[in-house]
Amino acid sequence: MAQIKLENLDARVIEIVTDLAKDFGPVVDEIENTKIKTTQNNYAKYMGFISQMAHNDKATMVIVGLALIEAGANYNGVKSAWDALR
């Protein structure tokens, strides 16, 4: 999956993602500053956060993941989390 550019999304989705990204900043900082040697790109922490926030709803998983990336999360870590949650 190519990296998603927010400008290619609906304006309302962009607004939701950017608003969530502001809230998710501290979470991303904590995850990125706490490296786990056994999970590449912190995918396990991103997977846990995404699944907790999305409650198994696939569209919400994408929005939460995009917001994490917008907040500075490692793209590959979030993508690996998405792949594992599919």
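**Where helices meet**

Author: F24, V27, V28, I31 and E32 of helix 1 touch K45, Y46, F49 and M53 of helix 2; contact means heavy atoms within 4.5 Å, and helices are DSSP runs (H or I, at least four residues) numbered from the N terminus. By class, this contact has seven nonpolar, no polar and two charged residues. This is a predicted model, in which local features need pLDDT of at least 70 and side-chain atom pairs pLDDT 80 or more, while totals for chains, interfaces and linings use all residues. Residues are numbered from 1 along each chain as its sequence is written, and side-chain values use heavy atoms, leaving out hydrogens and water.

Reader: At what angle do helix 1 and helix 2 pack?

Author: Axes are lines fitted to C-alpha atoms over the stretch in contact, with angles from 0 to 180 degrees between N-to-C directions. Helix 1 (residues 11-33) and helix 2 (residues 43-54) pack at about 155°, their axes 10 Å apart. They are therefore roughly antiparallel, the word for angles over 145 degrees.

Reader: Which aromatic residues form a pair?

Author: Rings of Phe, Tyr and Trp (its six-membered ring) pair if their centres lie within 6.5 Å; planes over 60 degrees apart count as edge-to-face, under 30 as stacked and the rest as tilted. The count here is one aromatic pair. F24 and F49 form that edge-to-face pair, 5.0 Å centre to centre with 90° between the planes. F24 in helix 1 and F49 in helix 2 are 25 residues apart.

Reader: Is F24 buried or exposed?

Author: Buried means under 20% relative accessible area, exposed over 50% and partly exposed in between (1.4 Å probe, protein chains only). F24 is buried at 5%, and F49 is buried at 13%.

Terms used:
Helices (H or I, at least four residues) and strands (E, at least two) are DSSP runs, numbered from the N terminus. Angles under 35 degrees count as roughly parallel, over 145 as roughly antiparallel, 65 to 115 as roughly perpendicular and the rest as oblique. Ala, Val, Leu, Ile, Met, Phe, Trp, Tyr, Cys and Pro count as nonpolar, Asp, Glu, Lys and Arg as charged, and the others, Gly among them, as polar.
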